[in-house]
Amino acid sequence: MVTGAPGAGKTTVVPELVRLSPGNMVVMDMDELLDDHGRLLGINIASPTAAPIWPAYNALWLRITELIRRSGIPVLLLSPLLPAELPEGRWLHLDCSDAVRRKRLAGRGWAEAQIEEALADAAEIRKHVPRSVRGDVSPERSAKGILDWIRGERFGKTLSLWGRLRS
């Protein structure tokens, strides 16, 4: 699992992760099930009014990853969640400075209140997932940092996941 608050670079890094590890794992972003307006089955997932269905949406993603993993293929899911919301696998944080996040989200046309909420989300994720990779560098460099984490090089040990990636 790679988590990050809005504006961290999750969606941007996905193509680089796929390019740098072709055929080695399935790479998915939780937003990929949503339409262009952030909706799933007509419901705006990011809206606070959708909060009652968030656990079901998370469970759907957990089920999708289980279905893929049962065939022996590793899965890397990028999401804005905390480990308590999707208690599965190892977690890494894709992060950027608040100034960069603010600029990116303003560029998307986000309102100031939405940006402040994203900054608060980033602060909360930092508390729960201290291992991080920079999302304010090139997408290729971020992807390489994530892949290094998967390989275990960054923390001095090889993770069992990488053995499956190489075979």
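In the predicted model, the bridge partner of H93 in strand β7 is S132. Strands (E, at least two residues) and helices (H or I, at least four) are DSSP runs, numbered from the N terminus. Because the model is predicted, local features need pLDDT of at least 70 and side-chain atom pairs count only at pLDDT 80 or more, whereas totals for chains, interfaces and linings use all residues. Residues are numbered from 1 along each chain as its sequence is written, and side-chain values use heavy atoms, with hydrogens and water left out.

Strands of a sheet pair through backbone hydrogen bonds, either parallel or antiparallel. Strand β1 (residues 2-3) is also joined to β6 in the parallel sense, over two bridges, and the partner of V2 in β6 is L92. Two further bridges connect β1 with strand β5 (residues 75-79), again in parallel, and T3 has S79 as its bridge partner in β5. Altogether, five strands form an open sheet with parallel pairing, in the order β2-β5-β1-β6-β7. Its edge strands, β2 (26-29) and β7, each pair on one side only.

In a regular strand the side chains alternate between the two faces of the sheet. In β6 (residues 92-95), L92 and L94 point one way and H93 and D95 the other way, and all are buried. Here buried means under 20% relative accessible area, exposed means over 50%, and partly exposed lies in between (1.4 Å probe, protein chains only).

In soluble globular proteins, nonpolar side chains tend to be buried together. A nonpolar core is defined as a set of buried Ala, Val, Leu, Ile, Met, Phe, Trp, Tyr and Cys residues joined through side-chain atoms within 4.5 Å. The largest such core has 18 residues, and those with the most contacts inside it are M28, M30, Y57, W61, L77, L86 and W91. At least two residues of this core come from each of α2, β5 and α4, and the largest share, three residues, is that of α2.

Buried residues also occur in the helices. N58 has its place in helix α2 and is buried, with a relative accessible area of 9%. I125 is located in helix α4 and counts as buried because its relative accessibility is 2%. In α5, the buried residues are S142, A143, G145, I146, L147, W149 and I150. The expected span of a helix is 1.5 Å times one less than its number of residues. For the 13 residues of α5 (residues 139-151) this gives 18 Å, which agrees with the 18 Å between its end C-alpha atoms. Just after α5, G152 takes a positive phi of about 85°.

The largest pocket is lined by 42 residues, of which P6, D31, A46, P80 and W110 lie nearest its centre. The elements giving two or more residues to this lining are α1 (10-20), α2 (54-69), α4 (112-128) and α5. The largest share, six residues, comes from α4. A pocket is, on a 1 Å grid over the protein atoms alone, an open set of points where a 1.4 Å probe fits, with protein on both sides within 12 Å along at least five of seven lines; lining residues have an atom within 4 Å of a point.

Conventions
Two strands pair if DSSP finds at least two bridges between them.
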